[in-house]
Amino acid sequence: MYMGFTPTEKDNLKKLAYLRPQFSIIIFDQNLKKIGETKMPYGRHVAFNHFVSKDGLYISNNHFLNKNANEETLSFSLYTLERATAHQ
């Protein structure tokens with residue numbers, strides 16, 4: 001089992017090492033204190049294929065386990081940072 005994914009004979013283990021099916025985004029403050037973490041959807045994103053713009057963090061949707069991925073196009077999801085509100 002590899003991070004919640006059991007490879008079969010036809011799976012390429014090198015692909016699995018690069019294209020982890022699950023990962024999380026960790027948020028730190030200016031003192032490198034962890035202030036948040038978001039677990040990303042299983043088998044959708046390619047963690048190393050990302051970029052940041054003024055709009056937020058874009059992460060590739062072209063994971064080989066993503067049934068909606070198209071090898072002919074680049075597709076990204078946009079994630080933005082929002083301040084947590086206190087619960088009353």
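Two strands count as paired if DSSP finds at least two bridges between them. Keep that rule in mind for the tour; the model on screen is predicted.

**Stop 1: a pair of strands.** Select residues 46-53, which form strand E3, and then residues 56-60, which form strand E4. The two run antiparallel, and five bridges join them. Because the rule asks for at least two bridges, E3 and E4 count as a pair.

**Stop 2: partners across the pair.** Which residue in E4 is the bridge partner of valine 52? Select leucine 57, and you have that partner. Next, pick phenylalanine 51; opposite this residue, in E4, stands tyrosine 58.

**Stop 3: the sheet.** Strands of a sheet pair through backbone hydrogen bonds, in a parallel or an antiparallel way.

**Stop 4: the largest pocket.** A probe the size of a water molecule, rolled over the atoms, shows where empty space is left. The largest pocket here has a volume of about 240 Å³. To see its lining, select Ile25, Ile27, Thr38, Met40, Gly56, Leu57, Tyr79, Thr80, Leu81 and Glu82. Strand E1 (24-28) and E4 are the elements that give two or more residues to this lining. Color the lining by residue type: six residues are nonpolar, three are polar and one is charged.

Terms used. Residues are numbered from 1 along each chain as its sequence is written. This is a predicted model: local features need pLDDT of at least 70, side-chain atom pairs count only at pLDDT 80 or more; totals for chains, interfaces and linings use all residues. Side-chain values use heavy atoms; hydrogens and water are left out. Helices (H or I, at least four residues) and strands (E, at least two) are DSSP runs, numbered from the N terminus. On a 1 Å grid over the protein atoms alone, a cavity is a set of points where a 1.4 Å probe fits but cannot get out, and a pocket is an open set with protein on both sides within 12 Å along at least five of seven lines; lining residues have an atom within 4 Å of a point. Grid points are joined across faces, edges and corners, and a volume is the space filled by probe spheres set on the points. Ala, Val, Leu, Ile, Met, Phe, Trp, Tyr, Cys and Pro count as nonpolar, Asp, Glu, Lys and Arg as charged, and the others, Gly among them, as polar.
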